[in-house]
Amino acid sequence: MKFYAIIFFILISSSITAQTKVWFDTDIMIGMPDKRPREVDDGITLIMALKQPQIEIVGISNITYVDYGYDVLNKILNWHNKGEDIPVYKGSNLANDLGTENDATRALYQALKKEKLTILALGPMTNIATLVKNHPDIIPQIERVVICAARTPDLPFNPGHGKLNLFDYNYEFDTASMTTLLNTDIPLEFAGYEPSSYTFIGNVDLASLDLTNEADKWLFDIVQPWMEVNEDLFGIRGFIPFDCSTLGVVTHPEYFTYYENIPIQETYKKNDALVIQPDTPSKKFLEVSYDFKSKRTVKYARRALLGFEEKILETLSATK
């Protein structure tokens, strides 16, 4: 019996030490009042992350609309985080001030001084790039940055029925900050539109939410207008939960296929999203290809496999 007890203890200890410590950086806008409903995937991703035993979120920072984001982040934490408090810090409000310190960059620097962390970057890279530009000494403490951006060459971002091409928001909103990250030796992993396009959430997928529960009812009601926008723009009622794939390569890496050590570079070519960006005939693209000569290589998630969508839905309906 002692032998089995020792083995059990070793297995439990291993599972505890294997937990990934994560800093969560997000441009969360779920539920933000505006002329048109805002995307909901950041909020869904945070809810999912809070319920994953594989990771420990040690801090959260936000970027763009930081006052609203700060409030909604704390609302979600109050509902879904049943453990220790997770601190929330305001980052760059406009994502156009690379190099300007803020509460988020200062807090992330202090957190990294204590221990190595994986950074989950779900918005523009301004906060992360400001940290590494101002404090290159901290770079060895960054295990990796996992980013929602990039594409393979000439891949259009056209969800749904392909009626409208989108642009690579997280990259294009602040290309200078992405360039700063690419010029470091930090391990970078990308999971953006391409793997996420294999997942889809519609009304029937939210049937498991408990509408008598305040948190679930809030999420269900917030999601409906966003589904309507997607139906209007892309011809299908529902949405792709982009940021869930970015989280997924950390929590469920086995549910994705990858290009390993693939060269990445910023290219300049004709804009493929002119309907949304009519005044931008050409622009920068962030692309990966084994044909590129770039020495900078990354890990690139290319496809979400069957079963990952179910993991998202199971997590949303589960209690922590």
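Modeller: Let's start with a term: a salt bridge is a side-chain nitrogen of Lys or Arg within 4 Å of a carboxyl oxygen of Asp or Glu. Keep in mind that this is a predicted model.

Colleague: Okay, what's the idea behind such a pair?

Modeller: Side chains of opposite charge can pair when their charged atoms come close. Here, aspartate 154 forms a salt bridge with lysine 269, and their closest N and O atoms are 3.2 Å apart.

Colleague: Where do aspartate 154 and lysine 269 lie?

Modeller: Aspartate 154 is in the loop between β5 and α6, while lysine 269 is in strand β7, so the pair ties together parts that are 115 residues apart in sequence.

Colleague: Is glutamate 287 buried or exposed?

Modeller: Buried means under 20% relative accessible area, and glutamate 287 has 2%, so it counts as buried. Lysine 269 is partly exposed at 24%, whereas aspartate 154 is exposed at 60%.

Colleague: How many salt bridges does the structure hold?

Modeller: There are 13. Another one joins aspartate 103 to arginine 106, with the closest N and O atoms 3.1 Å apart. Those two are three residues apart in helix α4, so about one helical turn separates them.

Colleague: Now the strands. How do I read a sheet?

Modeller: One handy idea is that in a regular strand the side chains alternate between the two faces of the sheet. In this model, nine strands form an open sheet in the order β3-β2-β1-β4-β5-β6-β9-β7-β8, with mixed pairing. The edge strands are β3 and β8, each pairing on one side only.

Colleague: Which way do β7 and β8 run?

Modeller: They run antiparallel, joined by seven bridges; for example, isoleucine 264 has valine 288 in β8 as its bridge partner. By contrast, β5 and β6 run parallel, with three bridges between them.

Colleague: Why is β8 largely enclosed by the rest of the structure?

Modeller: Because five of its seven residues are buried.

Colleague: Last one: at what angle do helices α2 and α11 pack?

Modeller: About 75°, with their axes 9 Å apart. Angles of 65 to 115 degrees count as roughly perpendicular, so that's how α2 and α11 lie to each other. On the α2 side, Ile44, Ile47 and Met48 make the contact. By class, the whole contact has six nonpolar, one polar and one charged residues.

Note on methods
Residues numbered from 1 in each chain as written. Predicted model: local features only at pLDDT ≥ 70, side-chain atom pairs only at ≥ 80, totals over all residues. Heavy atoms only, no water. Pairing = 2+ DSSP bridges. Helix = DSSP H or I, 4+ residues; strand = E, 2+ residues; numbered from the N terminus. Axes fitted to C-alpha atoms, helices over the stretch in contact; angles between N-to-C directions. Parallel < 35°, antiparallel > 145°, perpendicular 65-115°, else oblique. Contact = heavy atoms within 4.5 Å. Nonpolar A, V, L, I, M, F, W, Y, C, P; charged D, E, K, R; others polar. Buried < 20%, exposed > 50% of the residue type's maximum accessible area, 1.4 Å probe, protein only.
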